[in-house]
There are 2 protein chains.
Amino acid sequence: MTTNRPSLDNAVERWQILAERVLVERPPWLRLCEQTVRLPDGRIVDDFLVAQAPPYATVFGLRPDGLVVAVEEYKHGPGRTVLKLPAGFLNEGETPIEGARRELLEETGYVAESWHFLGSFFDDGNRGMSQGFHFLATGLRQVAQPDAGDLATVRPLLLSPEDIRRAVLDGWVGESGTAAAILLALDRLNHTT
Amino acid sequence: MTTNRPSLDNAVERWQILAERVLVERPPWLRLCEQTVRLPDGRIVDDFLVAQAPPYATVFGLRPDGLVVAVEEYKHGPGRTVLKLPAGFLNEGETPIEGARRELLEETGYVAESWHFLGSFFDDGNRGMSQGFHFLATGLRQVAQPDAGDLATVRPLLLSPEDIRRAVLDGWVGESGTAAAILLALDRLNHTT
């Protein structure tokens, strides 16, 4: 049963949504629904919870001197101060790369020379929640002062790639999406240098 | 401003929860609340959304022949069939390592000789949602047939570490927590062998 590609047929496996009832709607932050779904084997589940939150972009930004522009911020999900990448929800109509550029500039004051898409994942496999789009940006240059306008203080920090790796391993990073983005970027850097 | 450890004081940065109103409560799956919080600068936010879902454990399990025991499953969050690690919500009163052992056995029929904790992250930095606990297990041995009992078909697959790395990079993996867990495990394996 060794394989390196999907063996399940997505068209067969996909749940069919028969009905949807909105439980909570707080645009643009969260939409919580209860769905009636039909499973591939014919079973009906009439109370499956689905939660939709806006997509977001993260930026692993590397300066010419090899340092990464990270940010430190209190996050109310983990309930503590964590290390993050510059990141934020996409605005209405904004593409992931546009959101990534905007958040990098707003949170750190930097612009980048080159952008590379790393990958995209949903934060909750069952409910959905946000979809994160992760980017590696190189040739970073500071052109402005940070101006995040978020609820929490966002403090830019410069770290070496090894220090940011340790931040993931040692628990300074507190979010799944941030951890995935940092490790993906380090993987890309390790395989292209 | 180069540093390799937290510069913000968590006791100062932490938001103070003044009140909490439950919007939706669906034990054990989800609890959605609206909180009144006081920010460190004194501002009051009276409608911050917090969502709590059960913690879960994931297992990157390596067999003596060097293959990883992964699973393929339809997930309704991403809405498609994705590659995952054996994983699941912790039962009431269960520790993360106990949940990891149970899920590995249930979803794949394997037991492991050695267990190593890799890290833990919250799936949603703003709302909270689930906290994932990620483990590397080695010396895997199959002692039973899979019996997951989940809503979706859970199909065990054997992949090389390089194939599972490619699954993260190429989008076969669909969840932030799974991506973080796989990349953390590969980091650990690359730095100890």
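## Helix packing within chain B

Helices H3(B) and H4(B) pass each other in a left-handed crossing, a term for the near helix being turned anticlockwise from the far one by less than a right angle. Helices here are DSSP runs of H or I with at least four residues, and strands are runs of E with at least two, numbered from the N terminus. H3 of chain B covers residues 161-169, and its axis comes within 10 Å of that of H4(B), at a crossing angle of roughly 145 degrees. Axes are lines fitted to C-alpha atoms, for helices over the stretch in contact, and angles between N-to-C directions run from 0 to 180 degrees.

From H3(B), Pro161(B), Ile164(B), Arg165(B) and Val168(B) meet Ala179(B), Ile182(B), Leu183(B), Leu186(B) and Leu189(B) of H4(B). Sorted by class, this contact has eight nonpolar, no polar and one charged residues. Ala, Val, Leu, Ile, Met, Phe, Trp, Tyr, Cys and Pro are counted as nonpolar, Asp, Glu, Lys and Arg as charged, and the others, including Gly, as polar.

## Basis of the model

The model is predicted: local features need pLDDT of at least 70 and side-chain atom pairs count only at pLDDT 80 or more, while totals for chains, interfaces and linings use all residues. Residues are numbered from 1 along each chain as its sequence is written, and chains are lettered from A and ligands numbered from 1 in the order in which they are written.

## Contact between the chains

Chain A and chain B each contribute 66 residues to their contact, where contact requires C-beta atoms, placed from the backbone, to lie within 7 Å. H4(A) supplies the largest share of the chain A side, with seven residues. That side has 33 nonpolar, 20 polar and 13 charged residues.

The H4 helices of the two chains, residues 176-192 in each, pack at an angle of about 45 degrees with axes 8 Å apart. H4(A) is therefore oblique to H4(B); angles under 35 degrees count as roughly parallel, over 145 as roughly antiparallel, 65 to 115 as roughly perpendicular and the rest as oblique. The crossing of H4(A) and H4(B) is left-handed. Residues of H4(A) in this contact include Ala180(A), Leu183(A) and Leu184(A), and those of H4(B) include Ala180(B), Leu183(B) and Leu184(B). By class, the two helices bring eight nonpolar, four polar and two charged residues together.

## Domains and strands of chain A

An automatic or database domain assignment divides chain A into domain 1 (10-52) and domain 2 (56-192). Their centres, taken over C-alpha atoms, are separated by 30 Å. Four residues of domain 1 touch four residues of domain 2 in this chain.

Strands E2(A) (residues 30-38) and E3(A) (residues 44-52) run antiparallel and are joined by seven bridges; pairing requires at least two DSSP bridges. Glu34(A) has Leu49(A) in E3(A) as its bridge partner. Five residues lie between the strands of this hairpin, in which Gly42(A) takes a positive phi near 95 degrees. E3(A) also runs parallel to E10(A) (residues 128-138), with two bridges between them.

## Backbone exceptions

Most residues other than glycine have a negative phi, and most peptide bonds are trans. Met129(A), which stands opposite Gln52(A), has a positive phi of about 55 degrees although it is not a glycine.

The bond from Pro27(A) to Pro28(A) is cis, with omega near 0 degrees, and Pro28(A) lies in the loop between E1 and E2 of chain A. In chain B, Pro27(B) and Pro28(B) are likewise joined by a cis peptide bond, with omega about -5 degrees.

Note on methods
Contact = placed C-beta atoms within 7 Å.
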